[in-house]
Amino acid sequence: MKIQPEMGNKFSLLAILFVLMLSTAQAQTGNQERTLTLEQAIELALANNPQVNRAILAVEDADQLVKIANGEVYPDIVSSINYTRNIEIPVQFVPGEFFGGAPGTLVPISFGTDNNWQGGFTVSQNIFKGEALVALKSSAVFKEVQKENLRATSQQIITQTRIAYYGVLAAKEQLRLQNAQIRRLETSLRETEARAKAGIVDDYSVLRIQVQLNNQKPQQIEAEYAVAEAYRNLNIAIGLPINFPVEVQGSLSAYDILSDSATDPSNAHLKKVDRMNEYNYSSSVIDSAGLTELRGDIRIIDANLNLKEKEILAVKSRFLPTITASYNLQWSAAEPEEPTFFENASRFQTLGVNVSLPLFQGFKRVANLDRAKIQYKDIEEQKRMAIMNAQNEVASAGEELNKIYETASARKQALEQAQEGYTRAKKRLENGLGSQLELTEAEVQVREAEVNYALMVFNYLSAKANYDLSIGKVPFIDTTD
C-alpha cells in the first residue's frame, strides 16, 4: 500500500463509513461491541491518526512550495492605472525677466492640466538568477523529504497500532485467566466445603482456599482496569475517541507462533499480518545497505542530505550575477476641464535589461557557504549514527525473536503438562488419593503456565512488529516508495 497525500481523504472516508456501519449494526442488533480486526485497526490508524494526517498536510504544503518556487522562473506581469485631478493647478515661480519683467523678480506660472491619466503593463522576467533555479530543484527535493517523512510516520503508527492491538489481547487474556482461576477456586471451595461437612477434610482446607480466593479478587479488579486502559491506548493509536467502544478479535492462548497458519479462526488476521514479512530464525550479520534503502529514518536523512546539497548550490549561486529583463507599455493623457477619459492618450514602450553582481557583502556569503558545508557534514554524521542504531535495533529485535523461538516449544509443553497435572490432581482428590495441597499447587502451576504462554505470544507479536519496523518492511507500506 502506498501512502500518498491524496489517500488521506480516501482513508478518512473509509473511517467514517466504518464508524457509521458499526453504529448502524449496533442500532439494528443492540450489540454494544464493535468487532475490529487488526487490518481494520491499521486502516483506521492510517485514516485518523493525527500524526499521519499532519504528515499528509506537510506533503500538501510542499506541493504549494513547489508552485511558489516555479513563480521565480515565470514572468511577473503587473498592470496599473493612475488618475489625478488637479483641483488647483500647481504653480511654479520663474524669473520675471523671462517675461519682460524687472530683473530679480519672480513670476508665478501654472504648469499642468486639470485631468491626468496614466496606465499600462510592466513585464519582468528573470533571465538568469541562480538562486531561483536552485530553489526550484530544492522545492522538489523538499517534497521528497516530506513524502519520506509520511512513509516513516505511517510505519511508526502501524507499529504502534499493532502493539496496542496486541496489548488489548494480552490484557483480555490476563483477565480471562484471572476469571478462570477464580472459577477454579470457587469450584474447589464448594467441593471442599462439601467434603468438610462430610468429615473427609478439616476446616483448615476450606480456610486455605478462601484465603486464595480473596487474594485473587483484587487482581481480578486490576485486570479489568488494565483492559480498559489497553482499549484507550488502542483508540488513541487509531485516532478514535478514547471511550469509543470497540472489540478486538483473537486469542493469545490459541496462537501458535511456530505454525504458518492459524489453528484458531479468530487468529487468522493476526497470522496474516505476522506473516507478511517472514522471519527466519538465524544469527546472520545485519545488512546495513539494506537498512539504508528501507529504514524510514535513514531515508529521511538521505533526502535531507540531498536537500542540503541544493542549499549549498543556492548559496554558491549568490556569487553569480542576476540578469533581469523588463518590458513596459504605458498610455498617458492630460486634459483640461471636464475629463473625456483617454480620448487624447499617447502610448510609449520601453525594454530594459538589468545585470546585478554583488561584489562585497562583508564576508557574509562566504560564511553562509561554510555553514552550509558544516551542516552537510553534520547530517552525514547523523546518518552514520542512525545506521549504527538501526543495526542495534535489528539485532536486538532479532535476538528477542530468536529467544522466543527457542523457548516456544518448552512453554507450550509446560502449559500442556500443567493442565494435565491439574486434571490428575483433581481426580486424585475426588478419589481420596490426593490432598488439597496438591490441587492448590497444581492450580498455581496451571495459572503460571497459562500466563507465561500468553506473555510469550504477546512478546513475540510485539517483537515481530518492532522487527518489521527496524528493517523498514512494515506491512501495508510499500518498500519502493
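**Inside the core: a short tour**

Hi everyone, let's start at one residue, Ile-257. Beyond its neighbours within four places in sequence, Ile-257 is in contact with Lys-271, Arg-275, Ile-404, Tyr-405, Ala-408, Met-456, Val-457 and Tyr-460. Please keep in mind that this is a predicted model.

Now let's step back. Ile-257 is among the residues with the most contacts inside the largest nonpolar core, which has 80 residues. Tyr-165, Ile-238, Leu-252, Val-457 and Tyr-460 are on that list too. Several helices supply at least two residues each, including H4 (130-197), H9 (364-430) and H10 (436-471). Which helix gives the most to this core? That is H9, with 18 residues. Apart from this core lies another one, of seven residues, with Ile-182 and Val-206 among them.

Next, the aromatic pairs; the structure holds three. In one of them, Tyr-83 and Trp-117 are tilted, 5.3 Å centre to centre with 35° between the planes. Tyr-83 is in strand E2 and Trp-117 in strand E5, so this pair ties together parts 34 residues apart in sequence. Are these two buried or exposed? Tyr-83 is partly exposed, at 38% relative accessible area, while Trp-117 is buried, at 5%.

Tyr-405 sits in helix H9 and Tyr-460 in helix H10, 55 residues apart. Tyr-460 is buried, with a relative accessible area of 1%.

Last stop: Arg-162, in helix H4. Arg-162 counts as buried because its relative accessibility is 1%, and its contacts include Asp-274 and Asp-468.

Technical notes: Residues are numbered from 1 along each chain as its sequence is written. This is a predicted model: local features need pLDDT of at least 70, side-chain atom pairs count only at pLDDT 80 or more; totals for chains, interfaces and linings use all residues. Side-chain values use heavy atoms; hydrogens and water are left out. A nonpolar core is a set of buried Ala, Val, Leu, Ile, Met, Phe, Trp, Tyr and Cys residues joined through side-chain atoms within 4.5 Å. Buried means under 20% relative accessible area, exposed over 50%, partly exposed in between (1.4 Å probe, protein chains only). Helices (H or I, at least four residues) and strands (E, at least two) are DSSP runs, numbered from the N terminus. Contact means heavy atoms within 4.5 Å. Rings of Phe, Tyr and Trp (its six-membered ring) pair if their centres lie within 6.5 Å; planes under 30 degrees apart count as stacked, over 60 as edge-to-face and the rest as tilted.
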